[in-house]
Amino acid sequence: MIALPPPKPGILARRDEIIAALRSFIPGEGVIGDATRLKPYETDGLSAYRQPPLAVVLPTTTEQVAAVMRYCHQQGIRVVPRGAGTSLSGGALPLEDAVVIGLMRMNRILEIDFDDRLAVVEAGVTNLGITKAVEHEGFFYAPDPSSQLACMIGGNVNMNSGGAHCLKYGVTANNLLGLKLVTPEGEIVEVGGDHLDTAGYDWLGLMTGSEGMLGIVTEVTVRILRGPEGARAMLAAFKGTEIAGAAVDAIIGSGIIPVALEFMDKPCIHACEAFAHAGYPLDAEAMLIIEVEGSVAEQDFLLNRIKEICARFDPISLKVATSVEESMAIWKGRKGAFGAVGRISPDYLCMDGTIPTGELPFVLKRIGEMSTQYGLQVANVFHAGDGNLHPLIMFDANNPDSFRRAEDFGADILKLCVEVGGCLTGEHGVGVEKRDLMHVQFQPHELAQQRAIKTAFDPAWLLNPHKVFPLEALPQ
Amino acid sequence: MNAPDTEAGIVAAVLAARVPLAIEGNGSKRGLLRPVQAAETLSTRNLSGITLYKPTEMVLSARAGTTLPEIEAVLAERGQMLAPEPIDVRAIFGGTQPATLGGTVATNLSGPRRINAGSVRDHLLGIRFVNGKGEVVRSGGRVLKNVTGLDLCKLLAGSHGTLGVLTEITMKVLPATEATATLKVSVPDLAAGIRALSAGLTSPYGVTGAALLPDSLTALLRLEDFSESVTYRSGRLRADLEKLGGVTLVEGDESRALWRQIRDAEPLAAAPDDAIWRLSVRPSAAPALVASLAQAFGARTLLDWGGGLVWVAGPATEAAHQAVVAATQAARGSHTLFRAPEPLRAAVAVIPDEAPALAAIAARVKAALDPAGLFNPGRMRAGT
């Protein structure tokens, strides 16, 4: 179980006074203080943990955010930023004595420029909302986390979100130009800009993935890209995970970087097939979904090459989509993977380690052994091209022992990822979930170095102080 | 000059330092930005060698002093490349030593493919560096996706050796493309040239280079992929571009040579005593910027990145520099005084100043990494 720091002395007793002050910055419904209406803000995508905040504010302008931040800074009040609350690592989990700043009302698209290939949006615009705003001209915003219908760009920036297509297009950090943000002391600053590679320290890069610890992002300038002429998927199923892993190596080794290269193991194939009836081969030990882009002729050319490569690995089945509809059918099971596992087991933990892709067979074998040892089922789905694993550990939340075992199992998987040369989190962030595992990946002086940079931005550790770093060094 | 051949040697040098140190690799970019106020030099040039290369995992690690030609040769054997096309500055600075990987990351100077594939920092996966306390700190790693903890890789990339001494670096590497072709479009004026570049970059054909030669009013658009794709796409793109001007096609080695020249700013044809600036702006702002600098001091220019990167050559005077700064500010862009005689580099803001709130944070970040102010003092801004 994950501990939260105790409230700062005196803050809870001043609740009414603090809420009154917040109302002076944000009118009307923009400040929430009553227990019932605070309820939706007590948790996020890591719903095993719940903690209602002191208050929630829903600003509509950067100036309101700055006013709240200045006040909280002066009064020594902790602040937790929140977008859509879809974090799978507890990135939006509040504190009892914290003011949550919810950015969801800052949802305007401020500018779209197709010739300069950029869009300026407020932090509360959803990921998919950006693509929806530009797709009529054939453009899209590239990073595509699974939660893209709900998750907001401000959260994407703070977690450096990835997605299934980042093998080709990169993660959030590779698709940003600039940010407007409010510092922990309440100053409005802009970093980056509406152009590439600003000279000076790369604040844009440091802020991206900083998990809401360095500032409150209120506006984001993103790169928008013209989409390809088309895209098509194929499915390749194999007799063993090791064989599928070798096929992935052979594809990359041939010089082809598919736009997506997804891997599912047998339990995941079965769960998805039962849910989506996508026509997945149930006798396969491992399955790849491979997507390529371009004109129809280019798709044919690439898919034929990939098919030839896969054919060398004694596949159980190779199915190349011949239409957009068939591609969608192939993707349908994968996109519903989390929901499909949710049907088998009411509760699951979604892990997110990354490993060197060459270690895949060994890691899957060890996860299988751990599954037996912990007595919990696991289904593996992951982004094979970049080694980002998503083991889904199934447990029963009504059984405390089952939850404890699931957490221990997950921690063991992440330790294994680090052991083989990988990392604790590829795209979900550390949040509170993996905070206490940071010492597995980093030495004490390395964590101290990162903390010192947090301190440089936030000397009093008021902004999201309970995330990313083990609590023992939290300044009192 | 102290140039240890081990990381432990770098640590010892930092721990022993009593005066500020100039930090460099081969020193190929010593003439960039401001002159460093340091009596001693600590070089990573002898930290050499590739320590890990897994072509199917698309990763390569090397000690900081390993040279780019050495890395590129090893990658080429396996049909791979450093996708951001780092600049070779020897033509600009007149040096003979090739760039090291450490210097390449520390300066984050990407070439034409930046517009499509991303910058050097976008391909940086992991670093080891020695901080001002003599501690070896790691950030990132050797996997392609990693969001564990604060991303110090991005902070150190482009920090010009002011925050730490890079000792080992892991890069993402990509397949080198099989074929390449360049469409040359003759345009009537600069604005039409930018429109031609935009037409390419907003097409679905994956343009990987988009440059404009103002002297000859030629827009250049590069395609790179499997030969089937390059043939198909160059045909389609050519049909689109012919509406904007006469189009000719350059293929293979001729195309590769052309983009090497653009990468290294050779078409700028700066005179030996000219100053050179490198500006980053929104592409649509480039024509007005170029026109105002031509008017101010007869600036010579070369545009890359769809017009978003403007190389400028002109007299090495404070007046010319102030004109560049003013025009870049008007375009809301970012300037770098890339090459100039030392007195000019020491006297002016070689990169933009930061807003006071950011400058305060920058000073505290610098102190968090280099508390005694040992590394490259004054390199980026006076007094820091």
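The questions and answers below concern a predicted model of a complex with chains A and B.

Q: What is the mean pLDDT of chain B?
A: The model is predicted, and the predictor gives the complex an ipTM of 0.98 and a pTM of 0.97. In chain B, 100% of the residues reach a pLDDT of 70 or more. The mean pLDDT of chain B is 97.

Q: How many residues of chain B are in contact with chain A, and how many residues of chain A do they touch?
A: Two residues are in contact here if their C-beta atoms, placed from the backbone, lie within 7 Å. On that basis, the numbers are 66 residues of chain B and 74 residues of chain A.

Q: Which element of chain B gives the largest share of the side that touches chain A?
A: Several elements of chain B give two or more residues to this side, including β7 (136-140), α7 (190-201), α8 (227-241) and α13 (356-369). By type, the residues of this side divide into 27 nonpolar, 22 polar and 17 charged. The largest share is seven residues, and the element that supplies them is α13(B).

Q: Which strands stand at the edges of the four-stranded open sheet of chain A, and why is one side of each left without a neighbour?
A: The sheet of chain A has the strand order β1-β2-β4-β3, with mixed pairing. An edge strand has a single partner strand, so one side of it is left without a neighbour in the sheet; in chain A these strands are β1 (31-32) and β3 (78-82).

Q: What angle does the direction of helix α3 of chain A make with that of β4(A)?
A: Helix α1 (residues 15-25) of chain A packs on the sheet and touches β1, β2 and β4 of chain A, its direction making about 5 degrees with that of β2(A). Helix α3 (residues 62-75) of chain A also packs on the sheet, touching β2, β3 and β4 of chain A. The angle between the directions of α3 and β4(A) is about 170 degrees.

Q: Which element gives the most to the side of domain 1 of chain B that touches domain 3 of chain B?
A: The domain assignment of chain B places domain 1 at 7-175 and domain 3 at 266-347, and their centres are separated by 26 Å. Eleven residues of domain 1 are in contact with ten residues of domain 3 in chain B. α3 (90-93) and α5 (114-117) of chain B each supply at least two residues of the domain 1 side. With three residues, the element that gives the most is α3(B).

Q: How far apart are the end C-alpha atoms of residues 1-176 of chain B?
A: The unreviewed UniProt entry annotates residues 1-176 of chain B as "domain: FAD-binding PCMH-type". Over these residues the chain is 23% helix and 24% strand. The end C-alpha atoms of this stretch are apart by 37 Å.

Q: Which residue of β13(B) is the bridge partner of B:Ala181?
A: Strand β10 (residues 179-186) of chain B runs antiparallel to strand β12 (residues 218-225) of chain B, joined by eight bridges. β10(B) also pairs in the antiparallel sense with strand β13 (residues 247-251) of chain B, over five bridges. In β13(B), the partner of B:Ala181 is B:Glu251.

Note on methods. Residues are numbered from 1 along each chain as its sequence is written. Chains are lettered from A and ligands numbered from 1 in the order in which they are written. This is a predicted model: local features need pLDDT of at least 70, side-chain atom pairs count only at pLDDT 80 or more; totals for chains, interfaces and linings use all residues. pLDDT is the predictor's confidence in each residue, from 0 to 100. Ala, Val, Leu, Ile, Met, Phe, Trp, Tyr, Cys and Pro count as nonpolar, Asp, Glu, Lys and Arg as charged, and the others, Gly among them, as polar. UniProt positions are given in the numbering used here, feature names are shortened, and annotations may be inferred rather than shown by experiment. Two strands pair if DSSP finds at least two bridges between them. Axes are lines fitted to C-alpha atoms, for helices over the stretch in contact, and angles run from 0 to 180 degrees between N-to-C directions. Domain bounds come from an automatic or database domain assignment.
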